[in-house]
Amino acid sequence: GPRVYFQSPPGAAGEGPGGADDEGPVRRQGKVTVKYDRKELRKRLNLEEWILEQLTRLYDCQEEEIPELEIDVDELLDMESDDARAARVKELLVDCYKPTEAFISGLLDKIRGMQKLSTPQKK
């Protein structure tokens, strides 16, 4: 009968040439589930949905029209204080004409106690 191989096809692990350093959501997908606690992952997904929802309100637009924002939760978790985090997020939202304070404090609230998901070799 047909033989079954339990081997991932070449390059499936994402460690192919150039695989490791291209930025963007693509490289995170395949490997994530194994490496990380599902609860943390679920929290992170909920957070991302919440962020998108907040941003569509702040910018008064559809999700597709949100300006290119790089809100890197791991980067925020790395900072030593909420003040530093708030300042960073404020910087990112500099072109938003609505008040961002509520969003920022909500975000800081939500990430408090979260674990970093990035692996140490990231930068």
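A residue is called buried when its relative accessible area is under 20%, exposed when that area is over 50%, and partly exposed in between. By this rule, buried residues make up 32% of the 123 residues in the protein chain. The structure shown is a predicted model, and what follows describes that model.

The secondary structure of the chain consists of 5 helices and 0 strands. Along the sequence this gives the pattern α-α-α-α-α. Contacts can also be sorted by how far apart the partners lie in sequence: of those between residues at least 6 apart, 62% join residues at least 24 apart. The accessible surface of the protein chain amounts to about 9100 Å², and carbon and sulfur atoms account for 52% of that area.

One stretch to look at is the loop between helix 2, residues 38–58, and helix 3, residues 73–78, where Glu63 has its place. Cys61 is found in the loop between helix 2 and helix 3 as well. Cys61 has a relative accessible area of 14%, and because the limit for buried is under 20%, Cys61 counts as buried. When neighbours within four places in sequence are left aside, Cys61 is in contact with Thr56 and Ile66.

Glu63 has a relative accessible area of 44%. This value lies between the limits of 20% and 50%, so Glu63 is classed as partly exposed. Glu63 also belongs to a patch of negative charge on the surface, where it gathers with Glu48, Glu49, Glu64 and Glu65. A residue needs over 30% relative accessible area and no salt bridge to be part of such a patch.

Terms used
Residues numbered from 1 in each chain as written. Predicted model: local features only at pLDDT ≥ 70, side-chain atom pairs only at ≥ 80, totals over all residues. Heavy atoms only, no water. Patch = residues over 30% accessible without salt bridge, like charges linked within 9 Å, V, L, I, M, F, W, Y side chains within 5 Å. Areas by Shrake-Rupley, 256 points an atom, 1.4 Å probe, with all protein chains shown as cover. Salt bridge = Lys/Arg side-chain N within 4 Å of Asp/Glu carboxyl O. Lys, Arg positive; Asp, Glu negative; His and termini not counted. Charge placed at Lys NZ, Arg CZ, Asp CG, Glu CD. Helix = DSSP H or I, 4+ residues; strand = E, 2+ residues; numbered from the N terminus. Buried < 20%, exposed > 50% of the residue type's maximum accessible area, 1.4 Å probe, protein only. Contact = heavy atoms within 4.5 Å.
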